[in-house]
Amino acid sequence: MLPKIDKRKIVCGWVLCCSLFVIAQENYPQETFQSPMDIPLILAGTFGELRSNHFHAGIDIKTQQRQGLPIYAIGDGSVTRIKIAHWGYGKVLYVAHPNGYTSVYGHLQKFAPEIEAYIKKVQYQKRSYQVEVFPDLGEVTVKKGQVIAYSGNTGGSSGPHLHFEIRSSISEKPTNPLLYGFEVRDATNPVLEEVYAYPLSKNARVNQSTDKVELNFKRQKDGTFLADKVSALGTIGFGFKGFDRQDLAANKNGIYSVQLSVNGKIYTDYDFETFSFAESRYINTLIDYEHFGAYRQRIQQCFKTPGNRLGIYNTLYNDGKINIQEGMSYSVTLLLRDLGGNETKIIIPVEGKNEPVKIEKEEEKTDEYLVAKKNNNYDLGAATVYFPANTFYKDFYIDLKKGTDTITIHNSRVPAHRNFTLTFDVSKYSKEERKQLFIARLDKDLDANYASTYKRGNTFTTRTRNLGTYTLAKDTIPPTIRPKNFKEKQWLNNYSYLSLRISDDLSGVKSYSATLNGDWILMEYEPKTRTLTYNFDDKILDKTQCELQVTVSDNVGNTTIYKSTFYRK
Ligand SMILES: [Zn+2]
């Protein structure tokens, strides 16, 4: 177990920023691990950074826009998990170290030869590119500084980089890799972009508004910021938008530590030293999701909303909410800190004033008020939707549009924590028609996106966390398969790999397989580039004339078979 640091011990002034790092570091080994790369650590992402439905569980190390850079084991250890997936971490390696930590290396291009051979064997056995294995402790051992893989861009990665994590081996909780003494240059203060005040109680107001208000602020001579005086009454809270930057790169990364205090008393203090994967999705309660839904910008709320079950708080007084009384003055301080000892501070003066409300927050009311803690079932004509209790974080007026084909379940501005079930009645379609039909979610441009469709009797069902518009769509066109780097009847003696482009226009590629002279061969699938790749090293060919056959099916079962002959000696 990792002891949680009690930051209340830290009081004020310069001691504060230096202590933050030192105290946090004390809990983690400083000399044990070496860097996973032999290039300067320039970060494209930090630990705890706010991402879509999750906090970033590691650091993203930039690899100079290249792939194939060596990745080193950060310490002696044993490979405990190897996974290859189309999305997520792509090709990823987990190494358990004797000191109780596991290092994780993601989006790899390939593994070092021995590990590559180990996993290829599994892939050929299971006849699948996507595999996951858990070698026994001691089965695949590595030494500190040994090359274990090469950097890449596999999985849900939008550019070449190494995703690197250090987890507690027992709890599997990811910890901030910057607490282990790796050298990452950082002399840049966190950047505060926007500050907001939120009226939270029924009659609360801020600057005569019952809606949240953005505050103006200016930099002062001493480098701190000062906001314009706020007039308020009732229970209020604060939020901000900001980012942090390390040296040597312009990337906007996440902020390590956030602290809000009122008249010197800490109300809210949280940081990204560690968190658990189970709580990661509650990020949707830390950010102002309504704002995010509307503007795709993440405001971090310094108060805890009722649905928020995050354990990242070191201190939370009155849920970070401030009760403002008429005639009283308050000095609110927001302090943002990184692990390089840099900090940004803003002071927000608040006056308790009973002024008339000029701007009312408008709540969109509909016929249906959804109570989050209950099960809710709605008949929408073409489909029914079932929300199990606690699908949502709070009660709200749900906007439902019935239809004979297309139905709408509210909009994407409300986050769902759990899956809900959407069931379409397909009894009006013939058995033959049903084959090519699937449940589709319509995006903003009304493009149909395949939703995993379970077909049973007269119903199609999908389980999803995405609110929005759904319909039944029909996919009649089979996938396409085209060779990328070779032609029919070609001599391929100098080729090291075969590459093909596969795609499906509507429901998407579900499965693919290939044989060479009748034997199953491994095709590596990269969905981002729609490319299948076969590596000639995999198999010793005993014939000059080779028959390649590639089969691709889409999500409703339309199938294309591609055949080609080539020669190789
Ligand atoms: Zn990452």
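**Close-up 1. Three protein donors hold the zinc ion.** H56 (NE2), D60 (OD) and H163 (ND1) are the protein donors of the zinc ion, 2.0 to 2.1 Å away from it. Donors here are N, O and S atoms within 2.8 Å of the metal (3.2 Å for Na, K and Ca); water is not among the atoms, so sites may look incomplete. This is a predicted model, in which local features need pLDDT of at least 70, side-chain atom pairs count only at pLDDT 80 or more, and totals for chains, interfaces and linings use all residues. Residues are numbered from 1 along each chain as its sequence is written, and side-chain values use heavy atoms, leaving out hydrogens and water.

Close-up 2. H56 and H163 link distant parts of the chain, 107 residues apart. H56 sits in the loop between β3 (54-55) and β4 (59-62), while H163 belongs to strand β12 (residues 161-168). Strands (E, at least two residues) and helices (H or I, at least four) are DSSP runs, numbered from the N terminus. H56 counts as buried because its relative accessibility is 3%. H163 is buried too, at 2% relative accessible area. Buried means under 20% relative accessible area, exposed over 50%, and partly exposed in between (1.4 Å probe, protein chains only).

**Close-up 3. An open sheet of five strands.** The order is β31-β32-β38-β34-β35, with antiparallel pairing. β31 (400-401) and β35 (448-450) stand at the edges. Each has a single partner strand, so one side of each lacks a neighbour in the sheet. Two strands pair if DSSP finds at least two bridges between them. Three bridges join β34 (residues 437-442) to β35, and the two run antiparallel. L442 has A448 in β35 as its bridge partner.

**Close-up 4. S209 in its loop.** S209 lies in the loop between β15 (205-206) and β16 (213-215). Is this residue buried or exposed? S209 is buried, with a relative accessible area of 2%. Leaving aside residues up to four places away in sequence, S209 touches P199, A204 and I359. Contact means heavy atoms within 4.5 Å.

**Close-up 5. The hairpin of β28 and β29.** Three residues separate the two strands of this hairpin. In the turn, G381 has a positive phi of about 85 degrees. Four bridges join β28 (residues 376-379) to β29 (residues 383-387), and the strands run antiparallel. D379 has T384 in β29 as its bridge partner. On β28, N376 and Y378 form the covered face, whereas N377 and D379 form the uncovered one.
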